Amino acid sequence: MAAEHDSNSRLGRCEVCDSQDAKYTCPACEVKTCCLKCVNIHKKELNCNGVRNRVDYKPLSKFNNMDLQSDYMLLEEMTRSVETFSRDPTKRFTRLATELPPHLFKLRAAATRRGTHLCFLPQCFTRHKENTTFFNWKTQLIKWRIDWIFPECDNLKISSDQCLETELLSHFTSSFLVRDNTPLSDQQKLQSYYAIGLPGLLLLLKAELCRKKETQFFELDPHESLRENLKGKTVIEYPTIYVVKRHNKHMFNIVDIEEESEIEAEDDPYDTSGKKAFLTIRKRHAELRNKNKSLLLSYSDQSSSENESEEPIEKKSHYDKPVIRHCTENCR
């Protein structure tokens, strides 16, 4: 039996069927196979894609000229990719260490005055290209773009443009509960929302820049304006609001009031708006003012105690100095 399994092949016997000599070696897992059928079997059983890991560690004792050539080609491809990206204007610039255009700067400043932390993505991002939010300089009002997500309808998304910040949130939501205001393709999906109505719905805003792995949401008040609901929140480009049925509230991780203050106090690791630097400088200035104030108080107390212990010294003016008159008659 042992003689039957002897093989004259350099690769030995096939490791899948063990009936024929091996002809192929998998570049990824180095399994020896004899035919296409065995190759497919080993890929399915070992979940192997057949692509060699070009950055896998290999000891120096097993390093050969083919490995050296492969590493050289990998470095050449990386250099070529870097040069290609440097010539592509959509991938060459980001929002880091660059000034915002005037219209975005005014929009972010207006949002900051309202207590909303507004962040912008790089120019080539799809979310940034779709953003139609703008700040009307004459009326001093922000018109937001809002994405409405309906999770019970296979995550149906409906976008609204030019949503005035002074309008109530229920005004925008009630427009989707009217059949005439929704497209025909979406009316069938929103049948359950039509039956429940606004009192049976819950409006949730995704908590952005949260350090926890699970997605968290803020509960919004439909009877408040859009400006009041976004106050104290972080928005990336434009708000995304989830319209959820109230009896499915337990399926979402809703942030409490205490947790909401903790999330707002967290540092933004991708802060490109200067909020973190501004808060740090303002904190240092407050500390310096308090320190200077305490030093002035201690110095004034010390000087007042010294003045009380010492006697007052009379100051003589230049008019009190003796006048020396020269006699011209004796000099003659």
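Which residue forms a salt bridge with Arg 145? I looked it up in this predicted model and found Asp 161, with the closest N and O atoms 3.5 Å apart. I then checked where the two sit: Arg 145 is in strand 5 (residues 141-150) and Asp 161 is in strand 6 (residues 156-164), so the pair links distant parts of the chain, 16 residues apart.

Next I asked myself: is Arg 145 buried or exposed? Arg 145 counts as buried because its relative accessibility is 9%, and the cut-off for buried is under 20%. Asp 161 comes out at 44%, so I noted it as partly exposed.

I also jotted down a network: Arg 114, Glu 165 and Arg 227 are joined by salt bridges that share partners. My search of the whole structure gave eight salt bridges.

Another of them is Arg 54 with Glu 77, closest N and O atoms 3.0 Å apart. Arg 54 is in the loop between helix 1 (36-46) and helix 2, while Glu 77 is in helix 2, so this pair ties together parts that are 23 residues apart in sequence. I have both down as partly exposed, Arg 54 at 29% and Glu 77 at 31%.

Helix 2 (residues 65-87) also holds Leu 68. I found Leu 68 in a nonpolar surface patch with Leu 60 and Phe 63, about 330 Å² of accessible area together.

Last, I checked confidence. The chain's mean pLDDT is 76, and 68% of its residues reach 70 or more. Residues 264-274 stay under 50, and I noted 19 contacts beyond four places in sequence for them.

Notes. Residues numbered from 1 in each chain as written. Predicted model: local features only at pLDDT ≥ 70, side-chain atom pairs only at ≥ 80, totals over all residues. Heavy atoms only, no water. pLDDT = per-residue confidence, 0-100. Contact = heavy atoms within 4.5 Å. Patch = residues over 30% accessible without salt bridge, like charges linked within 9 Å, V, L, I, M, F, W, Y side chains within 5 Å. Areas by Shrake-Rupley, 256 points an atom, 1.4 Å probe, with all protein chains shown as cover. Salt bridge = Lys/Arg side-chain N within 4 Å of Asp/Glu carboxyl O. Helix = DSSP H or I, 4+ residues; strand = E, 2+ residues; numbered from the N terminus. Buried < 20%, exposed > 50% of the residue type's maximum accessible area, 1.4 Å probe, protein only.
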